[in-house]
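This report goes through one model, beginning with a single residue and widening to the fold around it. Please keep the structure open while reading.

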Amino acid sequence: MTAHDALDVVNRFGDALNAKDIDAVMALMTDDCLFENTSPFPDGEVFRGQDAVRAFWTELAKTPGMHFETEEAIVAGDRVTTRWRYSWTNPDGTEGHVRGTDLFKISDGKVAEKLSYVKG
């Protein structure tokens with residue numbers, strides 16, 4: 001796998017998540033995928049396998065105005081590190097956001113691990 005291939009997987013993953021296309025998101029994740037989110041602070045929660053990770057993304061996709069913007073990506077072999085901004089719409093119509101990083105591990109053209117960290 002080239003650095004370009006690894007970055008392409010991560011970009012397609014982000015596009016699918018922003019489109020709230022959970023089937024496409026999960027098609028880009030391995031069967032034994034691992035996702036660590038950022039809440040509750042400070043250690044986050046761990047989700048393993050297609051069913052658990054799908055349930056998390058399905059709930060996240062219900063967030064009004066949900067959108068991830070990649071600000072920077074660094075590729076090293078099968079690893080991709082992204083710096084991002086996650087925004088959403090609050091009940092009063094204002095925008096909220098956090099910034100953070102993701103550490104991805106790509107295996108056989110799919111996301112095997114996504115470890116998320118936020119500033120704060």
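Ser116 counts as buried because its relative accessibility is 8%; buried means under 20% relative accessible area, exposed over 50%, and partly exposed in between (1.4 Å probe, protein chains only). Ser116 is found in strand S6. Helices (H or I, at least four residues) and strands (E, at least two) are DSSP runs, numbered from the N terminus. This is a predicted model, in which local features need pLDDT of at least 70 and side-chain atom pairs count only at pLDDT 80 or more, while totals for chains, interfaces and linings use all residues. Residues are numbered from 1 along each chain as its sequence is written, and side-chain values use heavy atoms, with hydrogens and water left out.

The side chain of Ser116 takes part in a polar contact of 2.5 Å with the side chain of Asp102. Another polar contact, at 3.1 Å, links the side chains of Ser116 and Lys114. A polar contact is a pair of N or O atoms within 3.5 Å; within protein, one must be able to donate a hydrogen and the other to accept it, and residues adjacent in sequence count only if both atoms are side-chain atoms. Not counting residues up to four places away in sequence, Ser116 touches Phe35, Glu36, Asn37, Thr38, Thr101 and Asp102, where contact means heavy atoms within 4.5 Å.

## The sheet

Six strands make up an open sheet of mixed pairing, in the order S2-S1-S6-S5-S4-S3. Strand S2 (46-48) and strand S3 (67-76) are the edge strands, each pairing on one side only. On average, neighbouring strands of this sheet are turned by 15° against each other, direction ignored. Two strands pair if DSSP finds at least two bridges between them.

Strand S5 (residues 95-107) and strand S6 (residues 110-118) run antiparallel and are joined by eight bridges. Gly100 stands opposite Val118 in S6, and Ser107 stands opposite Lys110 in S6. S1 and S6 run parallel, with four bridges between them; Leu34 stands opposite Glu113 in S6. S3 and S4 pair in the antiparallel sense over nine bridges.

Axes are lines fitted to C-alpha atoms, for helices over the stretch in contact, and angles run from 0 to 180 degrees between N-to-C directions.

## Turns and positive phi

S5 and S6 form a hairpin with two residues between them. Asp108, in this turn, has a positive phi of about 50° although it is not a glycine. Asp108 counts as exposed, at 77% relative accessibility. S3 and S4 also form a hairpin with two residues between them, and Gly77 in that turn has a positive phi of about 65°.

Lys20 lies in the loop between H1 and helix H2 (22-27). Lys20 has a positive phi of about 60° although it is not a glycine. With a relative accessible area of 35%, Lys20 is partly exposed.

Ala73 lies in strand S3, and its bridge partner in S4 is Thr82. Ala73 counts as partly exposed because its relative accessibility is 35%. Leaving aside neighbours within four places in sequence, Ala73 is in contact with Leu7, Thr81 and Thr82.

Glu95 lies in strand S5. A polar contact of 3.0 Å joins the side chains of Glu95 and Arg85. Leaving aside neighbours within four places in sequence, Glu95 is in contact with Arg85, Ser87, Trp88 and Asn90. Glu95 and Gly65 are 30 residues apart in sequence and 8.2 Å apart in space, C-alpha to C-alpha.

## The largest pocket

The largest pocket holds about 250 Å³ of space and is lined by 16 residues, of which Thr38, Phe68, Trp84, Tyr86 and Val118 lie nearest its centre. H3, S4 and S6 each supply at least two residues of this lining.

On a 1 Å grid over the protein atoms alone, a pocket is an open set of points where a 1.4 Å probe fits, with protein on both sides within 12 Å along at least five of seven lines; lining residues have an atom within 4 Å of a point. Grid points are joined across faces, edges and corners, and a volume is the space filled by probe spheres set on the points.
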